[in-house]
Amino acid sequence: MSVARSLLPEADSPRTVTMVLQSSTATTLLVSSFAGRDLIVPAMALAVLLARFEDKETIRAEISRRFGYDLQRTVADIRPDYQFQISCQLSVPESIIAFLDSWGFEDAVRKAVSLGGDADTQAAITGGIAEAHYGLPAAMVEKVYRMLPRDIRQVVDRFNEKFKV
């Protein structure tokens with residue numbers, strides 16, 4: 001699992017912007033050595049936190065201001081020339097844009113996948129942000145939960161209890 005996908009829950013614990021940025025940066029430094037890591041995970045974590053409380057234009061402006069990402073583009077702008085990029089540095093802004101262009105959780109994930117590129121990572125990043133903003137469709141949650149093995153359902157239950165999900 002990529003660092004980008006594994007650290008999205010980081011934004012769910014701290015409750016302030018400063019705490020999210022400090023916590024996500026510290027976590028990233030401990031578990032990863034890729035160049036640019038000091039921007040990527042904090043940008044994702046902050047996007048998740050802001051998605052819980054802010055409108056999309058505030059999220060776009062704040063992430064652009066803090067991390068220098070060009071978030072004025074749309075999925076339609078990106079799609080024609082986008083190619084596979086293994087680097088999270090090139091996937092994170094596009095993942096955020098897929099969320100910003102969306103009208104719901106499933107639409108956000110579909111837009112992320114439609115870009116191609118590192119689609120599974122982009123879908124995971126976009127999905128984390130979209131879940132924070134839109135929530136998850138109950139029918140989707142129930143269906144996936146029923147498909148999980150019992151031991152994994154127990155892990156999910158403990159996580160949900162601990163983090164009041």
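Buried means under 20% relative accessible area.

**Entry 1: the overall picture.** I am working with a predicted model. I looked up the elements and found 10 helices and zero strands. Buried residues make up 41% of the 165 residues. The accessible surface comes to about 9,000 Å², and 57% of that belongs to carbon and sulfur atoms.

**Entry 2: confidence.** The mean pLDDT is 83, and 79% of the residues score at least 70. Helix α7 has the highest confidence, at 97, while helix α1 (residues 3-6) has the lowest, at a mean of 41. Residues 1-14 have a pLDDT below 50, yet this stretch has 37 contacts in the model beyond near neighbours in sequence.

**Entry 3: the core.** Which residues touch the most other members of the largest nonpolar core? I found Ile63, Tyr69, Ile96 and Ile129, in a core of 35 residues. Several helices give two or more residues to this core, among them α2 (17-31), α4 (56-67) and α8 (119-134). Helix α3 gives the most, with 11 residues. I then followed Ile129. Setting aside neighbours within four places in sequence, Ile129 is in contact with Ala47, Val48, Ala51, Ile96 and Phe99. I also looked at contacts with a separation of 6 or more: residues 24 or more positions apart account for 62% of them.

**Entry 4: salt bridges.** Side chains of opposite charge can pair when their charged atoms come close. I count eight salt bridges. Glu131 pairs with Arg52, with the closest N and O atoms 3.9 Å apart. This pair links helix α8 to helix α3, across 79 residues of chain. Glu131 is partly exposed, at 26% relative accessibility. Arg52 is partly exposed too, at 32%.

Next I looked at Arg73. Arg73 forms a salt bridge with Asp70, at 3.7 Å between the closest N and O atoms. Glu94 also forms one with Arg73, at 3.2 Å. Glu94 sits in helix α6, and Arg73 lies in the loop between α4 and α5, 21 residues apart. Arg73, at 25%, is partly exposed. Asp70 is also partly exposed, at 42%.

**Entry 5: a helix check.** I tested helix α10 (residues 150-162). At 1.5 Å a residue, its 13 residues should span 18 Å, and the end C-alpha atoms are 18 Å apart, which agrees. Just after α10, Lys164 takes a positive phi of about 55°.

Terms used
Residues are numbered from 1 along each chain as its sequence is written. This is a predicted model: local features need pLDDT of at least 70, side-chain atom pairs count only at pLDDT 80 or more; totals for chains, interfaces and linings use all residues. Side-chain values use heavy atoms; hydrogens and water are left out. Helices (H or I, at least four residues) and strands (E, at least two) are DSSP runs, numbered from the N terminus. The expected span of a helix is 1.5 Å times one less than its number of residues. A nonpolar core is a set of buried Ala, Val, Leu, Ile, Met, Phe, Trp, Tyr and Cys residues joined through side-chain atoms within 4.5 Å. Buried means under 20% relative accessible area, exposed over 50%, partly exposed in between (1.4 Å probe, protein chains only). Contact means heavy atoms within 4.5 Å. Accessible areas come from the Shrake-Rupley method with a 1.4 Å probe; for residues, only the protein chains shown count as cover. pLDDT is the predictor's confidence in each residue, from 0 to 100. A salt bridge is a side-chain nitrogen of Lys or Arg within 4 Å of a carboxyl oxygen of Asp or Glu.
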